[in-house]
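Welcome! Please take a moment to look over the sequence and the model below, and then read on for a short briefing.

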Amino acid sequence: MITVFTRNVADGIHRIEHAYVNVYLVEDGDGVAVIDAGLPGMWPHLTGALDELGYGPGDIRALVLTHAHFDHVGTAARLRHEYRTPILVHDADRYIAAHPYRYEHENNRFLYPLRYPKSIPVLGTMTGAGALNVRGVTDVHSLTTDSGDALPGRPRILHTPGHTAGHVALHFPDRGVLICGDSLVTLNPYTGTTGPQIVSGAATANSPEALDSLSLLAETAAPLVLTGHGEPWRDGAAAAVEQALARGAS
């Protein structure tokens, strides 16, 4: 199972990719924040990256969840317990954070591997990284549009519902970066297809709403888009949104 740690994918923003899931570390002079928590198998790679950057228990300012699906919460409980990290999540995703498998979705997820065989190695790798063994978290703090002022990099918090009701994206205007979670991805785990798109209805609560939320991403005009799944998109948020809208729901 290949893991990639890319330092400075943007200024002070580092990417860890494990089992087709991305986690980001955002630094500034005031410390570091972890954006999303991956799957349980991410743990040694996350702690190794933090150690390489010089951070130990008590040093992480926050874990910010773009949303609370199981593949973004996998190391959250351990970060809270072992690193004493505060966890921030939008109030509309608090229930999912506590129950990472009880989330709304439009379509039967078990039919997707039959229809999209390219998804099988992706979903199989995620399963091997602990996708079926994620602990929920209840000791969380509310993530609001004002929360960014207290986070490293001072991101703008954008509420982008659709994938989940409480989904958010983080825009770092000074760095030209948009971390958009699963509001837009460049790898769809449920189809195995690449390029900008929203996640399939196997895991998306409301695809029309998810497509509507893309306009908020385009408005950032961010040159670099970092997604929850897939490679960084370097051709700008507007172009990514245009392609995702053209693809539509799946």
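This briefing covers backbone angles, aromatic rings and a cavity.

The model is predicted, so to speak of local features a pLDDT of at least 70 is needed, side-chain atom pairs count only at pLDDT 80 or more, and totals for chains, interfaces and linings use all residues. Residues are numbered from 1 along each chain as its sequence is written, and side-chain values use heavy atoms, with hydrogens and water left out.

**Backbone angles**

- Most residues other than glycine have a negative phi.
- Asn8 is not a glycine, yet its phi is positive, near 55°.
- You can find Asn8 in strand S1 (residues 3-10); strands here are DSSP runs of E with at least two residues, helices are runs of H or I with at least four, and both are numbered from the N terminus.
- Asn8 counts as partly exposed because its relative accessibility is 45% (buried means under 20% relative accessible area, exposed over 50%, and partly exposed in between, with a 1.4 Å probe and protein chains only).
- Ala221, also not a glycine, has a positive phi of about 55°.
- Ala221 sits in the loop between helix H7 (207-220) and strand S13 (224-227), and it counts as exposed at 57% relative accessibility.

**Aromatic rings**

- The structure holds five aromatic pairs (rings of Phe, Tyr and Trp, the last by its six-membered ring, pair if their centres lie within 6.5 Å; planes under 30 degrees apart count as stacked, over 60 as edge-to-face and the rest as tilted).
- One of them is Phe70 with Tyr101, whose ring centres are 5.5 Å apart and whose planes are at 25°, so this pair is stacked.
- The pair links distant parts of the chain, 31 residues apart: Phe70 is in helix H2 (residues 70-73), and Tyr101 is in the loop between helix H4 (94-98) and helix H5 (112-115).
- Phe70 is buried at 10% relative accessibility, whereas Tyr101 is partly exposed at 34%.
- Ring pairs also bring in Tyr103, giving a cluster of Phe70, Tyr101 and Tyr103.

**The cavity**

- The structure holds one cavity of 30 Å³ or more (a cavity is a set of points, on a 1 Å grid over the protein atoms alone, where a 1.4 Å probe fits but cannot get out; lining residues have an atom within 4 Å of a point).
- The largest cavity has a volume of about 70 Å³, where volume is the space filled by probe spheres set on the grid points, joined across faces, edges and corners.
- Among the residues lining the largest cavity are Phe70, Tyr103, His163 and Asp182.
- By class, this lining has seven nonpolar, three polar and two charged residues (Ala, Val, Leu, Ile, Met, Phe, Trp, Tyr, Cys and Pro count as nonpolar, Asp, Glu, Lys and Arg as charged, and the others, Gly among them, as polar).

Definitions and conventions: 1 Å grid on protein atoms, 1.4 Å probe; cavity = no way out; pocket = protein on both sides within 12 Å on 5 of 7 lines; lining within 4 Å.
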